[in-house]
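Trainee: I would like to learn how to read a structure like this one. Please take me through the sheets first, then single residues.

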Amino acid sequence: MNTHRSMVMVAILALGLVSTAAGNAIFSKAPLSDVSSLADPTDGAWAVASAKVSDGRTSVVLNVKDLDRSEAGRRLGAHVHIGPCVAENGAAALGHYKVAGAVASPETEVWLDFTITNGGTGHATAVVPFEIAPGAAQSIMVHALETQSTGFAGARLGCIPLEF
Ligand SMILES: [Cu+2]
């Protein structure tokens, strides 16, 4: 075994220990990655997101702050996406996490739509009847429109990293 490979393995083992010590907590506190070239209400916003996966369920809590207060009352779509947040590259987040072979719905994907409050905050929770496997999703994407029954929610605006 060469030195590089053994170092990589040590790193993987160390990550495993950290993950176990934290009880596999899934948590993120970060500015939204701006993935839209246009001005939108998520510019300059940041979020705290967390998730718990156990007993056949996944629960996700999303809190967004410093949204544009002049857009209070506007409802934005948000979902757990498979890919990562990459600034100026909304496509990098790939598609919604979805139960394999299922039709898009709030029971087969994780929908976290929220309404911008007068204080510029947004809050959403979702509890879904499936477990998202470790590594199977990496972000929450906020969209320009409320999520429609098909799962469509318009342009991608801002992205919150959340590593399952
Ligand atoms: Cu989405």
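Trainee: What is the order of the strands in the open sheet that holds E2 and E10?

Mentor: The general idea first: strands of a sheet pair through backbone hydrogen bonds, either parallel or antiparallel. Two strands are taken as paired if DSSP finds at least two bridges between them. Helices (H or I, at least four residues) and strands (E, at least two) are DSSP runs, numbered from the N terminus. Here, an open sheet of four strands has the order E2-E10-E9-E6, with antiparallel pairing. Its edge strands are E2 (33-34) and E6 (78-81), each of which pairs on one side only.

Trainee: Before going on, how should I treat the model and its numbering?

Mentor: This is a predicted model: local features need pLDDT of at least 70, side-chain atom pairs count only at pLDDT 80 or more, and totals for chains, interfaces and linings use all residues. Residues are numbered from 1 along each chain as its sequence is written.

Trainee: How many bridges join E2 to E10?

Mentor: Two bridges join E2 to E10 (residues 156-161), and these strands run antiparallel. Ser33 stands opposite Cys159 in E10, and Asp34 stands opposite Gly158 in E10. On E9, Val142 has Gly158 of E10 as its bridge partner; five bridges join E9 to E10, again antiparallel.

Trainee: Is Ser33 buried or exposed?

Mentor: Count the C-beta atoms, placed from the backbone: a residue is buried if 20 or more others lie within 10 Å of its own, exposed if 12 or fewer, and partly exposed in between. Ser33 counts as buried because it has 22 C-beta neighbours inside 10 Å. E10 is mostly covered too, with five of its six residues buried. For the protein chain, buried residues make up 32% of the 164 residues.

Trainee: Which residues does Ser33 touch?

Mentor: Two residues are in contact if their C-beta atoms, placed from the backbone, lie within 7 Å. Not counting residues up to four places away in sequence, Ser33 touches Cys85, Val86, Ala87, Gly158 and Cys159. Over the protein chain, among contacts between residues at least 6 apart in sequence, 64% join residues at least 24 apart.

Trainee: What is the order of the open sheet that holds E3 and E4?

Mentor: That open sheet has four strands in the order E1-E3-E4-E8, with antiparallel pairing. E1 (26-31) and E8 are the edge strands, each pairing on one side only. Neighbouring strands of this sheet are turned by 10° against each other on average, direction ignored. For such angles, axes are lines fitted to C-alpha atoms, for helices over the stretch in contact, and angles run from 0 to 180 degrees between N-to-C directions.

Trainee: How many bridges join E4 to E3 and to E8?

Mentor: Nine bridges join E3 to E4, and seven join E4 to E8. Ala51 has Val60 in E4 as its bridge partner. Towards E8, Thr58 stands opposite Val128 and Val64 stands opposite Gly122.

Trainee: Which members of the largest nonpolar core touch the most other members?

Mentor: A nonpolar core is a set of buried Ala, Val, Leu, Ile, Met, Phe, Trp, Tyr and Cys residues joined through C-beta atoms within 7 Å. The largest one has 33 residues, of which Val60, Leu62, Ala78, Val110, Leu112, Ile140 and Ile160 touch the most other members. E3, E4, E6, E8 (122-128), E9 (139-143) and E10 each supply at least two residues of this core. Leaving aside neighbours within four places in sequence, the contacts of Leu112 include Val60, Leu62, Ala78 and Ile140.

Trainee: Where is Gly56 found, and why is it called exposed?

Mentor: Gly56 is in the loop between E3 (46-54) and E4 (57-65). Gly56 is exposed because 9 other C-beta atoms lie within 10 Å. Pro129 and Glu131 are its contacts, not counting residues up to four places away in sequence.
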